[in-house]
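Subject: Structure handover

Hi,

Here is the structure for you to look over.

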Amino acid sequence: MSTDDKLLYLSRPDIETLGLTAADTVAQIEHLCRERDAARVLNAPKSLLRPVDDVLFMATLAVSEDPPFMAVKALGANAANAHKGMTTIGATITLFDQATAYPVAIMDGAWITEIRTAALSAVAARHFARKDSETIAFIGSGAQARSHLDAFLDFCPLRHVHIFGRGEANRTLLAEKAEALGLTATDYDDPRSAIEDADIIVSSVPLAPGLKPFLQTDWVKPGAYVNLLDLARTWRLETLDQFNRIIIEDATQEAEMEQQMIPAELIGEDLLDLVTGRISGRRDESERFAFIFRGLAIGDLALAILAYERARQAGVGIYLER
């Protein structure tokens, strides 16, 4: 039986050995965004179920003509796992051949979720972050902070990392990673001190019962670029209009969500407008930008295709009988 008749399984260690870079992923996401604008990519809005406060289940779905694949991701998140020494997210992605409608691969989705999220941020950062950005601040120091540090290093001359987070183990991991990359790392006891001198800010605080907004825009210096990965729930809503521009990743998806991330009147542009050139990037060195997003299936599709094609070339993974 040929490999075309089998299903390729890729574990997280398999995917991590493939050498996929932020530049690879950004290029693929931008390609799929342009394809979507030409009606050659379909992207379904996220589907969410929350049986209890701490537990979330989510599915994403996207299909493209070029490359001809469909990806569906199933993800579960349990905030209480962190107290048990477990990761909070588990996910799998199934990749289908678009022509035959047959599945061709199953792969770990947690690493892909981390990397595609950072790549989506990097797409926006390429247009909105100042080219001389040297200091990045992380509010929340977990896996997303580490993946964003890698992604932004590909596009910005970073030298300093500011860290504010609740988990000592994650703060230590992030600091050690920064220092191994030749950067300085400073741990802060309060969020304002961490962000007020930063050129780039990434907030990725996990949802937890009783979480109240504690960040505000007037702490952000002129010219800074801010990634709000936590659906803006850590930012005081009444201060968000102080950003010069707020961009989300997908206005169509956001309009179909049961609960909006931020009031619709604050949203004017999305990532598709940016990639296709309908809107401009930074126009003034003093502009403060916010990129707010909940995740986009195109990102999962982009990474899944790259992982599958690279794995086949490298002979990585295990083939399963259908």
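A salt bridge here is a side-chain nitrogen of Lys or Arg within 4 Å of a carboxyl oxygen of Asp or Glu. Please keep in mind that this is a predicted model.

**Salt bridges**

Searching the whole structure turns up 20 salt bridges.

Start with Glu-114 and Arg-12. They form a salt bridge, and their closest N and O atoms are 3.2 Å apart. How accessible are the two partners? Glu-114 has 16% relative accessibility and counts as buried. Arg-12 has 27% and counts as partly exposed.

Next, Glu-30 and Arg-126. In this salt bridge the closest N and O atoms are 3.0 Å apart. Glu-30 is buried, at 10% relative accessibility. Arg-126 is partly exposed, with a relative accessible area of 34%.

Then Asp-300 and Arg-116. This salt bridge also has its closest N and O atoms 3.0 Å apart. Are Asp-300 and Arg-116 buried or exposed? Both are buried.

Salt bridges with shared partners join Arg-12, Glu-16 and Glu-114.

**Helix 2 against helix 3**

At what angle do the axes of helix 2 and helix 3 cross? The answer is roughly 75°, and the axes come within 9 Å. Angles of 65 to 115 degrees count as roughly perpendicular, so helix 2 is roughly perpendicular to helix 3.

Helix 2 contributes Thr-25, Val-26, Ile-29 and Glu-30 to the contact. Helix 3 contributes Ile-115, Arg-116, Ala-119, Leu-120, Ala-122, Val-123, Arg-126 and His-127. Seven of the contact residues are nonpolar, two are polar and three are charged. Glu-30 and Arg-126 are part of this contact, and they are also the salt-bridge pair above.

**Helix 4 against helix 5**

How do helix 4 and helix 5 run relative to each other? The axes of helix 4 (residues 143-153) and helix 5 (residues 168-180) cross at roughly 15° and come within 10 Å. Angles under 35 degrees count as roughly parallel, and helix 4 and helix 5 are therefore roughly parallel to each other. Their crossing is right-handed.

On the helix 4 side, the contact is made by Ala-145, Arg-146, Leu-149 and Asp-150. On the helix 5 side, it is made by Asn-170, Leu-173, Leu-174, Lys-177 and Ala-178. The residues of this contact divide into five nonpolar, one polar and three charged.

**A loop residue**

Last item: Thr-239. It is found in the loop between strand 11 (225-228) and strand 12 (245-248). At 7% relative accessibility, Thr-239 counts as buried. Which residues does Thr-239 touch, not counting those up to four places away in sequence? They are Leu-215, Gln-216 and Thr-217.

Best wishes

How values were computed: Residues are numbered from 1 along each chain as its sequence is written. This is a predicted model: local features need pLDDT of at least 70, side-chain atom pairs count only at pLDDT 80 or more; totals for chains, interfaces and linings use all residues. Side-chain values use heavy atoms; hydrogens and water are left out. Axes are lines fitted to C-alpha atoms, for helices over the stretch in contact, and angles run from 0 to 180 degrees between N-to-C directions. Helices (H or I, at least four residues) and strands (E, at least two) are DSSP runs, numbered from the N terminus. Angles under 35 degrees count as roughly parallel, over 145 as roughly antiparallel, 65 to 115 as roughly perpendicular and the rest as oblique. A crossing is left-handed if the near helix is turned anticlockwise from the far one by less than a right angle, and right-handed if clockwise. Contact means heavy atoms within 4.5 Å. Ala, Val, Leu, Ile, Met, Phe, Trp, Tyr, Cys and Pro count as nonpolar, Asp, Glu, Lys and Arg as charged, and the others, Gly among them, as polar. Buried means under 20% relative accessible area, exposed over 50%, partly exposed in between (1.4 Å probe, protein chains only).
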